[in-house]
There are 2 protein chains.
Amino acid sequence: MVTKIEIRVGLKTGMADPEGANVQKALHLLGFDNIDKVESAKCYRIIIDKEKEAALEIAEKMCQQLLANPVVHKYTISVAD
Amino acid sequence: MVTKIEIRVGLKTGMADPEGANVQKALHLLGFDNIDKVESAKCYRIIIDKEKEAALEIAEKMCQQLLANPVVHKYTISVAD
């Protein structure tokens, strides 16, 4: 039994997001005028050899130990389709 | 009326994903042994000043014109909560 986990590592509110700001600028230059905000984030899709509950616990540990920096990042973990 | 759109830009199947491979290696070194695969992707959360349907169409154009390279990327667009 394997579980496909989706982890989304984004920046905490208030952290500078130059990539998002640059994407917003570029979209504006391309003529997209209805954009209020762009936030960038990093996603990981991880296939874990465990049942759903165990996989979610492992993913939480992965975020704490490697994928996210608690000073600047917030993360969400979900089961992918 | 604003709509929050989530765009996920990942690599097409078969494309090299060194970031994903390195994350997998690092997780393995940290003792996570149940991982079959790690895929990395870039996500953008964009707030668009339009109703849902119009916002989804705009997001599709954004991907075609800027956010994704059709040679190497596949993307999914969804409405974020």
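Which strands does helix H2 (residues 52-67) of chain A lie across? In this predicted model, helix H2 of chain A lies across E1, E2 and E3 of chain A, together with strand E2 (35-48) of chain B. The helix runs at about 160° to E3(A).

The strands themselves form one open sheet. Six strands take part, in the order E3(A)-E1(A)-E2(A)-E2(B)-E1(B)-E3(B). The pairing is antiparallel. Strands of a sheet pair through backbone hydrogen bonds, either parallel or antiparallel. At the edges stand strand E3 (73-79) of chain A and strand E3 (73-79) of chain B. Each has a single partner strand, so one side of each is left without a neighbour in the sheet. From one strand to the next, the twist averages 25°.

Within chain A, strand E1 (residues 3-11) pairs with strand E2 (residues 35-48) in the antiparallel sense. Eight bridges link the two strands. A:Gly10 stands opposite A:Ala41 in E2(A). A helix of chain B also spans strands of both chains. Helix H1 (residues 18-29) of chain B lies across E2 of chain A together with E2 of chain B. Its direction is at about 125° to E2(B).

The two chains are related by symmetry. A rotation of 180°, with 0.0 Å of shift along its axis, superposes chain B on chain A. The RMSD is 0.0 Å. That is the relation of a two-fold axis. In chain B, the C-alpha nearest the axis belongs to B:Lys42, at 2.5 Å from it.

In numbers, 32 residues of chain B are in contact with 32 residues of chain A. The size of an interface is often given as the accessible area lost when the parts come together. Here, chain B and chain A bury about 3,000 Å² between them. Carbon and sulfur atoms account for 61% of that area. In chain B, the residues that lose the most area to chain A are B:Phe32, B:Asn34 and B:Arg45. Together they make up 18% of what that side buries.

Between chain B and chain A, 16 residue pairs are in polar contact, both residues being at pLDDT 80 or more. Strand E1 (3-11), H1, E2 and helix H2 (52-67) of chain B each supply at least two residues of the side that touches chain A. The largest share of that side, 14 residues, comes from E2(B).

Side chains of opposite charge can pair when their charged atoms come close. The structure holds eight salt bridges over all chains. Between chain B and chain A, the count is four. One salt bridge joins B:Glu19 to A:Lys42, with the closest N and O atoms 3.0 Å apart. Another links B:Lys42 to A:Glu19, where the closest N and O atoms are 3.0 Å apart. B:Lys42 lies in strand E2 of chain B and A:Glu19 in helix H1 (residues 18-29) of chain A, so this pair joins two chains.

How values were computed
Residues numbered from 1 in each chain as written. Chains lettered and ligands numbered in written order. Predicted model: local features only at pLDDT ≥ 70, side-chain atom pairs only at ≥ 80, totals over all residues. Heavy atoms only, no water. Pairing = 2+ DSSP bridges. Helix = DSSP H or I, 4+ residues; strand = E, 2+ residues; numbered from the N terminus. Axes fitted to C-alpha atoms, helices over the stretch in contact; angles between N-to-C directions. Contact = heavy atoms within 4.5 Å. Least-squares fit on C-alpha atoms with pLDDT ≥ 70 in both. Buried area = accessible area lost by both parts, 1.4 Å probe. Salt bridge = Lys/Arg side-chain N within 4 Å of Asp/Glu carboxyl O. Polar contact = N/O pair within 3.5 Å; in protein donor to acceptor, adjacent residues only side chain to side chain.
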